[in-house]
Structures are given as structure tokens and as C-alpha cells.
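Here is a short briefing for someone meeting this structure for the first time. It starts from one residue and then turns to the chain as a whole.

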Amino acid sequence: MKLLVCISQTPDTTANISFKDNDTAFNPDGVQFIMNPYDEWYALVRALELKEAVGGTVTVLNVGPSTNDAVIRKGLAIGADDAVRIDAEAVSADFVAFQIAEYAKDKGYDAIFMGKETIDFNGAIVPSMVAEYLDLPFVSQAQHMDVEGNTATLKRDIEGGVEVLSVDFPFVISAAKDLAEQRIPSMKGIMMSRRKPLNVVPAVDFVNPVEVVHFAKPPAKSEVKMIDPDNMDELVNLLHNEAKVI
Amino acid sequence: MSQKAKEDRYQAHDYYNVDALLSDEHKMARDAVRDWVKKEVSPIIEDYANRHECPVYLMKGLGEIGAFGPSLPAKYGGGGMDETAYGIIMQELERGDSGIRSMASVQGSLVMYPIYRYGSEEQRMKYLPKLATGELIGCFGLTEPNHGSDPGSMETRVVDDGDAYILNGAKMWITNSPVADIAVVWARREDGRIIGVIVEKGMEGFSAPEIHGKWSLRASVTGELVFDNVRVPKENVLPEALGLKAPLSCLSKARYGIAWGALGAAMDCYDSALRYSQERIQFGKPIGQFQLTQKKLAEMITDITKAQLLVWRLGALADAGKASAAQISMAKRDVVDMALRIAREARQIHGGMGITGEYPIMRHMMNLESVVTYEGTHDIHLLITGMDITGFNAFK
């Protein structure tokens, strides 16, 4: 099977977040970057497992500048056969989805894997947009996948239960926790990653229909107010008038 | 204390942006081993150390990530990496526990390295790939009950017996020996020269009893090697090793990894102490606000930063094949000494909690009491530097 795994670079979960350009853009200065865990731990590993079971190739794809190469190499170290970087800043989900679809449309991939969301902007819309652009079936937030011949059976959590879906290849899948188990790259994998191809391709023109107007951090947490256990009226008053939760 | 305190919340500290001196491969290797330690070592290590038991099963995982002989060629199961990468791997393993790092140091530097450096091609192909995966466990026999710092006076002997040597003697303080499949053993020939032989488990007259009751490296298994007329085929002799220089060259490899490793233990102690100082409230404020705590922490990160630069430079020299035994000796001595001081200061910052297994401090501190002694004691390393700078040999 010919499999494509889309990977994103995201800030490390411990990074201090700030903005620049009048709070219209994320400020990457001093931030450590990692591969988006949903892409790395679940999407990529499940694609590798599928390749190991039925044969084929796994390509990792990233939309981003050359500073993302270290994260792409990690994808190769974990086991992908080759990599593609679409050479452009990933300015929006629309832009990224369009670039992925334009690249993939004539390559004949049997499945396109990606994490259910990135841990920075958490939009969770790229996978569905790629499926729409490519006119492919889409299964979101898959937690388990079995493959029999040309058909995949997938499970996903829904409110109060589990949904079981069946879909024929090709399709787009967004991966949630439990779809696979994290693989740690070995030293051999890390050394081999240097020798695997990383092809850089230009982005195609795209006019962004959505513009970021402003980013803001959540308001700072206020101090804890201690209320005497005997003073229930004061507690109710504050919850109603100040916290506005009752 | 809550489960939260036991959780591995380690974050590396890099005050001088030493990361910028590392390649992408170095950083990827570092992150991979750090992830592995958090996943496989941190959750179990306190329990194993408490029970004085070695998690031998981790040898397989260490093999899978490539922690055994990472700088040996891929042909023999190594990773083909440079010496800096090897050092970084040791740093991250010892950040978890010195005992786990010792398992990897012995396997890579004291078993695989001598077979690679001094062995025949047949010996390399027979042992190295299986040692690299952890399928075989190895140990290294040099120290004896009566000869620690003075291995040149060893009493273990081999006598020529046609197509074999007859080996007699005993080795002491041997990491991994009770669980080892093979032992690289150094013994004196009838002509007085020292040779290396590969002794295999199951050879008649060979036993490896465990040393019990250690208060240090409790999650690593240590034992003796006893040879009672063991018949070792001559094909098990390392053909290129003749004289004490051969085992000493192996020790240099291992000491290099220890210098990096002890830094990892120091970083873990500092990280834990810094976090504790920010969370522990006394007199209505975090203890990190008190000047005496800040003095301790400031000195700790300064010492760590100096050690990071020292081992990085040593790594660059080793990568260029220019790290001398004396330079490695200096780094081993100084970084371990620094790590012990930091462990003790960190223990004080943790107050009473510092003596419990809820935090890694006491375990690291006890481990480092072995590390400061094995592979050349602190004092012996001072004499090595002394001899190197004055030209006078103070050993004799």
C-alpha cells in the first residue's frame, strides 16, 4: 500500500507562548518544537504497522520552512521511507489542507493519515478539508483500525459509546489516542534518516479566505478567595455575581 | 506524598544554549533516550532499587533503542554514531539511574569495544550483533579482590594447554556478571604478559556469584567471577590484546561515558531541587525565595553548565580521535565529584523528603558513591592528572 502521513511541527507542551506583529502571529523565538504527538504517536505508527503487515511505502509530508527538517527527519528515523516538504509557511489550516491535497491528488495514495488535531491551534479541520478536496471518504478521530483486503474497519468513541465504521480504500483518516503506541526512534533509525530522501517541493498559489485578526492569551487566573465555611451566603453571592457560574 | 511527586517531570536545563553546539542527530538521539527513560525506567526504578533487584529485562529495550555500542559500525550491530552521541546516550540513561547506565556502559565499552578493537573478525561476527541487541549480556573482568587500583598486579593466571588455556583466579565488583552470557577476562600468561579471553557461561569451573547488600547501584547486578581450572579454547583469546594497555583502553572508553553519565544524574538532582524550591512553601513563601536556597541552586546550575561544556569539548576531541586518556580521566573525576556535591545540596533543598524514594535524590547520591570509586577512584584520577602535568609518576 502507498501511504501518506501528514505531520506538523508544534511547540513543545512546556513552551511559553507569545505573539508578535501586533498579536497577529505566533512568536517562535526561544520555543522548542516537536512533532505533533497525534501525528507522531498514532497516525505515523499506525501507517507503519499497516505497511509492515501488507507491504508498501510510507511517506511523511510536512508543509513548512526548512527549519522543520529536524522534525521531518524524526519521522524518517521512526520508520517512514521518504519525506516531502512543501516549502511554505503553514499560515492557516485552509492553506495547509490545500497544499496537501494538491500534492497528493495525482499520487495514488491508498490512505492519508494525520493526527486528529495539532496541539497548538487545535483546529482539527485539516483532515476533513483534505478529504473534501480529494473527494475521498473521511473517518475522524479513529482509535482502532483493522484491515481486511481492501476494507478497513475503524472504531471511534462517540458520546456514550463506540462507533464502528467500515470503509474501502482509499480514504483519509484522522488519528486519536490509542490508534497505535508511540515508537521511540532507535539510534540506527536516526542514522538511517540522514540517508533517506527528503524532497522539497514549492507551494501552489492559494488565496487565504480567512485572516487572523488577533491572538490573545487567556486572562490570568485570579487569586483564590477563601470563604468561611459558615458564610454560605457569601459563597453563593460570589458564585452568582462574580464567577457567574450559578 | 502524592503520586504527583513520583511522576517524572524532568526538564533538561541548558543555561548556555549548549544545544546549539549539537547536531540534529545528537538532539534526536538525546530526545529518543530521554523518552525511553521516562517510559521504561522512571516508572519502575525506585521499586527495583528498593528491592535491590536489577531490571534485567531492560537489556532488550536498551538493545532496541541502540544504546549498546552506538559508535560501533552498523555491520556489527552498532549505530555508526560518533562519540558525542554515545556520551549523550549515557547522560540520558544516568539521568534515569546510574545502574541502568552502568549496564549499557559495560556492555558497550567494556565488552563490545574490546571484542571490536582486539578481537578477530570471527569473534566480532559471533558476539557483537547479539550483544548489540541485548540477546547476549556481557561483563568485564579486570578488578580482583586484592587488586583494585593496581590491576597490573593481578593474580588471575592462564597456563598454556595446547589448543586451550587453563584459567584460574577470581575477579571482583563485576557489573552484570551474575546474568552475563560472556565475560571478557584479563589474565596473566606464563610469560607475565596480560591477555584477554572470552569466557562463556557454562564453561566447566566458571561461576559468577552475586554480591549482595550493596547500598549503591541497587538496581544494577554486581558479582564475582570465579575460575577454577576453566579450560578456555585459544579461539576465545583476543588476538590483538597484549599487555595492560588493552584493558586500560577499554576503561578510557567507559570513563568517557561516565563523565557524560554523571552529568545526567546531576541534572536530574538539580531539576528536582529547582522544582521543589518553587513548590515547597515555608514561612509563607516558596523556599526558592530564600537567599540560601538560591545560592545552592545558582552554584548547582553554574557547575552543571561548566560540566556541559567540558563533556561537549571532550566529545569533540573524541570524535576527532584526539581525546587523551588523561583528558578523559580529568572529566570522569571532575564531573562525578560535581554530581556528588550537587546530589548532596539537592538533598538538603528537599529537606526530609530528600531522603525518601519519592524523589530521585538519595538514589542518585548513593549510586554516585560507586561511580566516584569504580573505573578509577577519584584519588587515582588526581594522580593521573598529576603525572600528566608534572611528568612524575606518583603511583610508584
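Which residues does B:His26 touch, not counting residues up to four places away in sequence? In this predicted model, the residues touched are B:Asp82, B:Thr84, B:Ala85 and B:Ile88.

**B:His26**
- B:His26 is part of helix H2 of chain B, which covers residues 24–51.
- The relative accessible area of B:His26 is 9%; because buried means under 20%, B:His26 counts as buried.

**Fold and dimensions of chain B**
- Chain B contains 11 helices and 9 strands.
- Its radius of gyration is 21 Å, close to the 21 Å that the globule rule gives for 396 residues, so chain B is as compact as a globular protein of that length.
- Along the principal axes, the C-alpha atoms of chain B fill a box of roughly 80 × 45 × 40 Å.

**Packing of chain B**
- Buried residues make up 56% of the 396 residues in chain B.
- Among the contacts in chain B with a separation of 6 or more, 75% are between residues 24 or more positions apart.

**Surface and charge of chain B**
- Chain B has an accessible surface of about 16,400 Å², and carbon and sulfur atoms account for 52% of that surface.
- There are 45 positive and 51 negative side chains in chain B.
- The centres of these two sets of side chains lie 4 Å apart.

Technical notes
Residues are numbered from 1 along each chain as its sequence is written. Chains are lettered from A and ligands numbered from 1 in the order in which they are written. This is a predicted model: local features need pLDDT of at least 70, side-chain atom pairs count only at pLDDT 80 or more; totals for chains, interfaces and linings use all residues. Side-chain values use heavy atoms; hydrogens and water are left out. Helices (H or I, at least four residues) and strands (E, at least two) are DSSP runs, numbered from the N terminus. The radius of gyration is taken over C-alpha atoms; the globule rule is 2.2 Å times the number of residues to the power 0.38. Buried means under 20% relative accessible area, exposed over 50%, partly exposed in between (1.4 Å probe, protein chains only). Contact means heavy atoms within 4.5 Å. Accessible areas come from the Shrake-Rupley method with a 1.4 Å probe; for residues, only the protein chains shown count as cover. Lys and Arg count as positive and Asp and Glu as negative; His and the chain ends are not counted. The place of a charge is taken as NZ of Lys, CZ of Arg, CG of Asp or CD of Glu.
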